[in-house]
Amino acid sequence: MVRRAEFEAVYRAGVRVSSAQFVVFYRANGEPRTRFGISVKKALGGAVVRNRIRRRIREIIRRNKAEISPGWDIVIHPRRSVARVAFAPLEAELAGLLRNLRSKVTPR
């Protein structure tokens with residue numbers, strides 16, 4: 001997802017789940033694929049830090065895509081502490097959140 005309107009639709013009509021490192025907003029999109037958006041605030045650090053966080057999140061999604069059910073629009077907000085945490089715990093936490101989406105709301 002890249003357009004602001006797409007992000008706002010997820011915020012307005014979606015569900016929010018959170019953990020120690022992430023806040024995830026999601027809603028059913030009625031399509032056979034899942035779309036992702038990543039929003040990293042400037043408060044998390046400079047451009048180098050923010051881009052590193054984005055790369056880490058994209059890699060977690062890539063590695064766990066088969067376990068995420070299709071038909072969702074998902075927006076991921078990392079918390080401030082993400083920049084200091086090792087990759088393995090981040091992957092376990094985010095993958096767990098994304099795997100459990102289907103149990104909260106079923107896609108239409």
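A pocket is an open set of grid points where a 1.4 Å probe fits, with protein on both sides within 12 Å along at least five of seven lines.

**View 1. The largest pocket of the predicted model.** The volume of the largest pocket is about 170 Å³. Its lining comprises Arg-16, Val-23, Phe-25, Ser-39, Lys-41, Ala-43, Leu-44, His-77, Pro-78, Arg-79 and Arg-80. Strand 2 (22-28) and strand 4 (72-78) each contribute at least two residues to this lining. Sorted by class, five lining residues are nonpolar, two are polar and four are charged.

**View 2. The crossing of helix 2 and helix 3.** The axes of helix 2 (residues 47-64) and helix 3 (residues 87-99) come within 10 Å and cross at roughly 60°. Helix 2 is therefore oblique to helix 3. The crossing is right-handed.

**View 3. Residues in the contact between helix 2 and helix 3.** Helix 2 takes part through Arg-56, Ile-57, Glu-59, Ile-60, Ile-61, Arg-63 and Asn-64. Helix 3 contributes Phe-87, Leu-90, Glu-91, Leu-94, Ala-95, Leu-98 and Arg-99. By class, this contact has eight nonpolar, one polar and five charged residues.

Definitions and conventions:
Residues numbered from 1 in each chain as written. Predicted model: local features only at pLDDT ≥ 70, side-chain atom pairs only at ≥ 80, totals over all residues. Heavy atoms only, no water. Axes fitted to C-alpha atoms, helices over the stretch in contact; angles between N-to-C directions. Helix = DSSP H or I, 4+ residues; strand = E, 2+ residues; numbered from the N terminus. Parallel < 35°, antiparallel > 145°, perpendicular 65-115°, else oblique. Left-handed = near helix turned anticlockwise from the far one by under 90°. Contact = heavy atoms within 4.5 Å. Nonpolar A, V, L, I, M, F, W, Y, C, P; charged D, E, K, R; others polar. 1 Å grid on protein atoms, 1.4 Å probe; cavity = no way out; pocket = protein on both sides within 12 Å on 5 of 7 lines; lining within 4 Å. Points joined across faces, edges and corners; volume = space filled by probe spheres on them.
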